[in-house]
Amino acid sequence: MRLRTTAFVALLVASSVVPAFAQTAPASIAVPPKYKNFRAAIYIAVGDARRLADRTTFDRQYARAASQLHFDKVYIEAYRDRNFATSEELERVKGYFAEKGVATAGGITLAAGGDGGQFGTFDYEKPADRAECEKAVRLAAAHFDEVILDDFFFYTSKSDADIAAKGKRSWTQYRLETMRKVTRDLVLTPAHAVNPRVKMVIKYPNWYEHFQGLGYDLDQQAQAFGGIYTGTETRDPTLTDQLLQQYESYGIIRYYDNIRPGGNGGGWVDTFSTRDLDRYAEQLWDTLFAKAPEITLFNWHPMSEDGAAEAGQRPWANVRTSFDWEAEQGRWRATGARLPAGWGRAAGYALETVDSVLGELGKPIGIASYKPYQSSGEDFLHNYLGTIGLPIELSPRFPEAAKTMLLTEAAAADPMIVAKIQRALKRGATVIVTSGLVEKLQDRGFRDLVEWAPTGRHVLIDQFVQGYGAGNGTPLNATEGTQKPILFPDIRFYTNDSWAIVRGVAGAKGFPLILMNRYSAGTLYMLSMPENPADLYAMPPAMLAQIRKVASSDMPVMIDAPAQVSLFAYDNDTFVVQSFRGETAPVAVHATGRQLVELPSGTMVSATTPIAGSATAAPDRADFALTLPPHSFRVFRIVR
């Protein structure tokens, strides 16, 4: 949430499904065939919904949208920012879409507008705002059997009434308790009073690390609604205010799926705050690689407007990529279309491309990681780790049966976390903890497992060395003297009790970066995290390979690659490698098989001789050398 980001969807479309923009009646428009592996929906904000009540406007805009992409469903918004649609307008627009065979649902945005770019929420201690909230809910529920709440159902007000009502509670506690009551009294109860059949769906935004501070509750509230939905917009990872990393469009679906198994309706991407169309496409692809059953495009306006989609800054424009926008524009022009390819065509092209491979992919799998409800710590670190090639399966439940698990500082929110770690080690698990979690657990019994102690000092590391025991280490720097210094915490440990699998070197002093200790039947590792998690991307590729080797040893596939290349793995021996880089990237794949089949082409990829210097090579794995064009993905099946 916050700024609405549009991820540009890009994928190869067969030229036969790209219809010309019809200059005749809408009925003559050739709608592309339905996607095989997901539903596509478009959200119509209340201003556009009201304009669509005019039949001439509807016919023109529907023709443009339907000529560029297929969509199965629309969400018709009844209220946003003090603006109500009328019952007549809602019924008219609903009827128009029914004529076209498009399913309809309702939408509401329980927000009070914004000031200076900051979002305004209702003040739920204010009777007028409570009444307006309930009025909006009743209006939508009266006209639709499914209603989704856009992701402004949180609480920021600190009026005198709020301050008095809060009392001695923290703002987090006050807002969580207040919004649970608001959910019950102002949303679910009135909605079902108007329409007992209505399914109320809460769409949660993308800033999940901070939800509890503004009243969003992924525990009780997420179970109270008829379903949940996921904001997967990640936008530009370096320019927007949230700086969300690309992997989150995949990882957040997996987390919400584990919060509400079977109840996460899909992912939601907008067209905002991206420097190139490829970034829009990546958001759509990654939402669907996570196996979202539905994708919602926000919003109707860019999907139906007449203008061209701006390609943005694309130095790779002449390279054949997964989102080959230049080639797609050529196909579009060849149809004789009167209008240029717009956002709708970019979305359609991307969705068609990903649909061609999704059916081959099984259930997502990844390194089990635990983020308890209402927790924060090392914010969004899982997404940075995902963007360096670790497939992460994030859950609000401790992974009791996992062979390998990764625990970040957020796990400290569980008061029993040390006991759970100890149980896992005793059954033989590999438990990987971050330096942030080690620091958080110093006074909570962690030293009964191992005596690792943060000193409070930090050091700039510019050399990385692998190897322990007697003898020399192996330098991991690509070229001596060119490494950017990276700031790490200093962790004290006892020599020969624990072993630094990888150490950082500054001057003539070494510091543990990957630390290992044996406990009972299990193995405990610590990954020392840079003070700035983005510095993971500045590490030498050989250092990243060491991290992947420790964390991914139980996965059927691992990669050696530069940072900003991700891996998505599935339980049927398929996987996706995706590059978010602006240049072609070499990728070494290490898989538990002897051949790879590229999908959907069926091209066989043979194993290479062992890749020199490969950190993740193993006797039961074969090595495969690949390249990834800029902002592209490739899909494979492992043949054993």
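**Figure 1. Salt bridges across the predicted model.** A search of the whole structure finds 43 salt bridges, a salt bridge being a side-chain nitrogen of Lys or Arg within 4 Å of a carboxyl oxygen of Asp or Glu. The structure is a predicted model, in which local features need pLDDT of at least 70 and side-chain atom pairs count only at pLDDT 80 or more, whereas totals for chains, interfaces and linings use all residues. Residues are numbered from 1 along each chain as its sequence is written, and side-chain values use heavy atoms, with hydrogens and water left out. One network of salt bridges links E77, R80, D150, D151, K203, E233, R235 and D270.

**Figure 2. Close-up of the K73 and E146 salt bridge.** The two side chains meet at an N to O distance of 2.9 Å. K73 belongs to strand β2 (residues 73–80) and E146 to strand β7 (residues 146–149), so that the pair links distant parts of the chain, 73 residues apart. Helices (H or I, at least four residues) and strands (E, at least two) are DSSP runs, numbered from the N terminus. K73 is buried, with a relative accessible area of 11%, while E146 is partly exposed at 22%. Buried means under 20% relative accessible area, exposed over 50% and partly exposed in between, with a 1.4 Å probe and protein chains only.

Figure 3. The closest N and O atoms of R279 and E282 are 2.8 Å apart. Both residues lie in helix α9 (residues 277–289) and, being three residues apart, are separated by about one helical turn. An α-helix has 3.6 residues a turn, so residues three or four places apart point the same way. Both partners are buried: R279 has a relative accessible area of 4%, and E282 has one of 0%.

**Figure 4. Close-up of the E409 and K440 salt bridge.** In this pair the closest N and O atoms lie 4.0 Å apart. E409 is in the loop between β15 (404–407) and α14 (417–426), and K440 is in helix α15 (residues 435–440), so the contact ties together parts 31 residues apart in sequence. E409 is buried, with a relative accessible area of 18%, whereas K440 is partly exposed, with 47%.

**Figure 5. Close-up of the open sheet β24-β27-β30.** Three strands form this sheet in the order given, with antiparallel pairing; two strands pair if DSSP finds at least two bridges between them. Strands β24 (557–560) and β30 (622–628) are the edges, each pairing on one side only. Neighbouring strands are turned by 30 degrees against each other on average, direction ignored; axes are lines fitted to C-alpha atoms, and angles run from 0 to 180 degrees between N-to-C directions. Seven bridges join β27 (residues 585–591) to the antiparallel β30, where D623 is the bridge partner of H590.

Figure 6. The 16 residues of helix α12 (residues 343–358) should span 22 Å at 1.5 Å a residue, and the end C-alpha atoms are 22 Å apart, in agreement. The expected span is 1.5 Å times one less than the number of residues. Of the 16 residues of α12, 15 are buried, so the helix is largely enclosed by the rest of the structure. In the protein chain as a whole, buried residues make up 61% of the 640 residues.
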